[in-house]
Amino acid sequence: MTAIPLVFALLAAGIWLSALAERFASGRRFPSGTVFAPLLQAARLLSQQSVRTEHPDGLNWVLSPIAYLTLAVAGLSVVPFAPELAVAPLDTGIVLWGACEALTIVAVFLHGWSANSMLPLIGGYRFVAIGLPAMLLSMFVLIAAALPAQSLSVGAIVESQRSLWNVVRQPLGLPLFLLLGLAISLRGPMDYGDAADLSGGTAAEVSGPHRLAWGIARLAMLTAFAAMGASVFLGGYLGPWLPGPVWLALKTAALLLVLTWLGRNLARMPAPRMMAALWLVLLPLSFLDLVIAGVEALP
Amino acid sequence: MAARLARAPGISLQHSIRHAAILLVAGRYRDTDRSALCRLHDQLPQPRATAWWGAAPLTDVHDPVTIAEGDDPVPQLRRLDRDLLRGARASEPDWLPDEPPNAWRGKGDHGQGGKGMMGGVPYGRPMAMMGEEMRDGLMLDAMTVTIGPFLRTLPPGLSLELTLQGDVIQQARVATPAYSASGIASEPLLRAARILELLGLPDLARRARISAARGDDDEGLVAAARRRGALLALPADLADVRARLDAALRRGAAPDPGEECLVDRLAGMEWQSALLRVASFDPATLSRIAPAAEPEEGEEEKAA
Amino acid sequence: MTAADLAFYVLSAVAVVSGWRVFRTDSMVRASFLLMLSFIAVAAIMLMLAAPYIGMATVFMMAVEMMVMALFMVMFMMNPAGLNPMSMVHQNRLSIGAAATAFVGLTVAVLFTDLPHEKVARQAPVIRDLGHELLGPSMLVFESAGVTLLAAMVASVVLSARSGRFGPSDEGSRPPGLEPGGEPAGRVPESEQEDE
Amino acid sequence: MTLTAVLIVAAALIGIGLYGALSQQSFVMLMMGLELILNGVLLAVIAFWSLGAGGPPRGQVLAIVVMAVMAVEMAVGFALVTAVFRRRQADTTEKLGTLKE
């Protein structure tokens with residue numbers, strides 16, 4: 001059961017690192033105490049009023065950030081920190097992760113729906129339209145990664161990369177998977193839920209502690225995704241000299257930084273264009289990825 | 001004016017009033033926009049404060065914080081923020097009575113203000129009614145809403161009355177025209193910054209704003225925008241926006257859109273594309289195609 | 001009572017109660033997600049029944065399905081949030097009677113049947129078995145399901161898309177004439193028949 | 001957790017689903033009833049497989065077929081609802097008195 005504290009330590013470190021990376025990436029100068037800036041921001045939000053809109057769907061309004069955060073934790077629970085060291089070393093690890101992806105879309109939609117306001121609702125709607133195809137192609141990519149391992153368990157997928165990491169073996173896999181990461185953590189080119197053109201989208205009406213909870217949940221999902229991506233494509237805990245959990249943390253951090261950079265430096269196209277790109281270009285690419293994995297798996 | 005804030009350390013401009021702590025009213029505003037300003041203010045979460053930078057405070061505001069037009073607002077804003085957080089300054093009360101747009105309490109079959117399935121004003125607002133979807137002909141709910149005049153993604157002062165089905169605009173009407181702009185407010189780079197923000201490139205937008213505030217050329221800007229896919233992201237039916245963004249990044253004159261009417265062009269467009277198109281016009285063109293500009297100047301932004 | 005039994009009772013209660021609430025809430029969006037909750041509870045029971053793949057896949061599928069359902073609700077239904085409480089129910093008594101009959105009948109059948117009791121072995125490699133079965137002896141079944149899904153996809157696009165082969169479907173599209181300028185081929189739409 | 005108990009839960013789900021399918025006017029709600037019936041069926045199939053038949057691989061194949069049926073029902077169902085709605089603005093069963101045009 002040493003895995004449980006490891007999960008929460010990784011989550012906390014990931015949230016803090018990505019909040020910090022976000023600040024550095026923005027290129028702003030900060031007066032002092034930059035390292036603690038996320039904490040200060042959190043304290044500020046805690047002291048603010050949590051405004052309620054008129055007649056929201058009260059239950060879902062409260063539940064959606066909680067569900068989002070829970071899904072991040074659940075997704076992280078199948079990631080192994082060392083051989084046989086995961087909170088839930090399931091045989092169906094990546095199916096569980098897929099279920100978490102799908103439910104994340106539900107959580108974001110509910111967040112937009114429950115505010116009873118126009119911009120959040122449009123954000124929720126748009127996110128579903130883009131999120132579902134993105135999730136679909138991520139599943140193909142994950143199945144391709146499961147092929148050489150001959151198992152749906154994340155631990156087995158990591159073990160199958162002892163000779164060669166999946167990022168090399170299946171070059172299409174990681175880039176396509178990163179797209180999904182940008183989508184489910186609501187950032188940059190795939191942020192159709194909380195985008196600036198909707199004044200914050202599903203989060204446009206939240207303030208104070210509620211906004212803090214939503215922000216933490218977003219970063220937690222980003223961390224969970226990065227850990228998953230590091231395990232499936234970058235060999236997870238595998239690596240010389242250092243112990244497994246350290247390697248996983250390092251690779252997770254690297255993916256976090258890549259995602260943060262991509263999120264701030266790629267333009268977001270209008271939703272219909274992105275929709276066409278997802279269905280007509282990227283989904284066939286994920287099939288191609290599956291074919292490549294299949295051909296390689298031939299004895 | 002707000003372009004000058006782009007460089008200020010520790011101050012970030014927010015997209016939603018709910019995310020802000022301080023409302024900064026920069027420049028003059030129209031008398032007709034007063035009620036919109038009050039509504040905006042009342043959506044600020046507490047503790048909250050308003051600063052008037054080169055703007056006349058509303059008469060009934062108690063103890064207003066005013067900043068002269070030529071002054072640097074950053075030190076004052078910082079002090080204000082610190083006082084608010086420490087409780088040294090009381091949070092501002094609502095400026096408008098907190099009441100729904102229509103009375104609903106106790107009315108109707110269940111006290112929710114509605115009648116039957118679709119009638120009445122449940123919880124203060126009428127329900128969306130069916131209308132034909134433009135692209136597909138399905139009868140779907142259409143909602144009429146007004147956005148602006150202080151929406152950050154629109155040019156200051158412009159407010160549009162939109163009939164929306166999902167994120168597609170069925171019908172548009174200019175409710176109030178944009179403020180006419182002169183000096184720095186008509187700087188092309190500010191327009192480019194707004195477009196870049198709509199494209200999800202906040203850092204590049206900030207770079208453009210800083211360059212606009214300095215009033216110098218930033219040669220790398222076009223290349224940087226190109227590298228990040230800003231021009232590529234615009235689809236073929238937004239080719240005019242692409243051309244105007246390219247021109248604005250070079251601080252050049254945009255190609256003349258000719259005799260087009262803005263609101264007609266917006267019908268049938270999806271939300272982000274529509275905002276991109278609105279943001280791409282320079283103030284002079286905008287006042288021509290989205291008519292009846294008034295001789296005032298002003299900008300309003302939110303700072304935290 | 002073991003912890004597993006307790007978990008089973010709680011999950012069953014969640015599945016049944018949320019299934020019942022689906023038809024009792026005014027908000028259509030809540031209704032679809034209550035149904036999803038019911039499915040998730042059933043999926044958790046299936047996990048306890050040593051069917052991890054089917055359970056997880058159910059959650060995955062139902063999350064997507066109910067999401068789409070919620071969107072359709074908001075699209076098609078007037079008053080999707082249930083702001084004006086309403087009752088859209090017909091033949092209520094008959095339905096309650098039928099439901100009660102079905103439940104009682106099935107329960108009686110369950111209670112009075114001599115059910116076999118052979119549990120799945122604890123360490124059985126059920127997922128591997130499933131994979132070998134699907135791509136081995138039951139391949140025909142599996143492929144039939146796949147082809148059926150493909151047919152359903154084609155059918156749903158044909159049914160729901162507006163653009164017909166000869167014009168928008170809701171305007172009664174008809175194919176061109178067999179010879180240039182001739183009478184349009186195909187069946188004459190009902191509406192035009194009445195005009196003649 | 002005996003086979004009998006699980007089957008009774010499945011029966012309850014089927015009963016509630018039947019109520020929904022028969023009583024709801026709106027097409028989409030009606031489909032929710034059908035889904036709930038299939039939910040009960042799926043649970044019963046897995047219960048028989050796990051607790052009754054000793055886990056033969058074919059039992060899970062049956063469950064997969066049930067899931068495919070669910071997906072087909074949803075896809076074709078929604079397509080039909082869209083088609084009918086486009087043609088006649090009908091979203092409840094009462095508005096569909098006839099199958100003609």
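Residues are numbered from 1 along each chain as its sequence is written, while chains are lettered from A and ligands numbered from 1 in the order in which they are written. In this predicted model, local features need pLDDT of at least 70 and side-chain atom pairs count only at pLDDT 80 or more, whereas totals for chains, interfaces and linings use all residues.

**Exercise 1. Chain pairs**

Solution: 
- Begin with the criterion: two residues are in contact if their C-beta atoms, placed from the backbone, lie within 7 Å.
- Now try chains A and D: no contact joins them, and their closest C-alpha atoms lie 15 Å apart.

**Exercise 2. Chain A against chain B**

Task: describe the side of chain A that touches chain B.

Solution: 
- Count both sides: 42 residues of chain A are in contact with 36 residues of chain B.
- Next, look for helices (DSSP runs of H or I, at least four residues, numbered from the N terminus). H2 (37–47), H5 (118–149), H9 (208–233), H10 (244–265) and H11 (271–297) of chain A each supply at least two residues to this side.
- H5(A) gives the most, with 4 residues.
- Finally, sort by class: Ala, Val, Leu, Ile, Met, Phe, Trp, Tyr, Cys and Pro count as nonpolar, Asp, Glu, Lys and Arg as charged, and the others, Gly among them, as polar. This side of chain A has 18 nonpolar, 12 polar and 12 charged residues.

**Exercise 3. Two helices of chain C**

Task: work out how H2 (residues 28–48) and H3 (residues 52–76) of chain C pack.

Solution: 
- Axes are lines fitted to C-alpha atoms, for helices over the stretch in contact, and angles run from 0 to 180 degrees between N-to-C directions.
- The angle here is about 175 degrees, with the axes 9 Å apart.
- H2(C) is therefore roughly antiparallel to H3(C), a term for angles over 145 degrees.
- Residues of H2(C) including Phe33(C), Met36(C) and Ile40(C) meet residues of H3(C), among them Val59(C), Met62(C) and Met66(C).
- The contact has 21 nonpolar, 3 polar and no charged residues.

**Exercise 4. Domains of chain B**

Task: locate the two domains of chain B and describe their contact.

Solution: 
- Domain 1 covers 1–86 and domain 2 covers 133–293; such bounds come from an automatic or database domain assignment.
- The C-alpha centres of these chain B domains are separated by 24 Å.
- Domain 1 of chain B gives 10 residues to the contact and domain 2 of chain B gives 11.
- The domain 1 side has 5 nonpolar, 2 polar and 3 charged residues.

Methods
Parallel < 35°, antiparallel > 145°, perpendicular 65-115°, else oblique.
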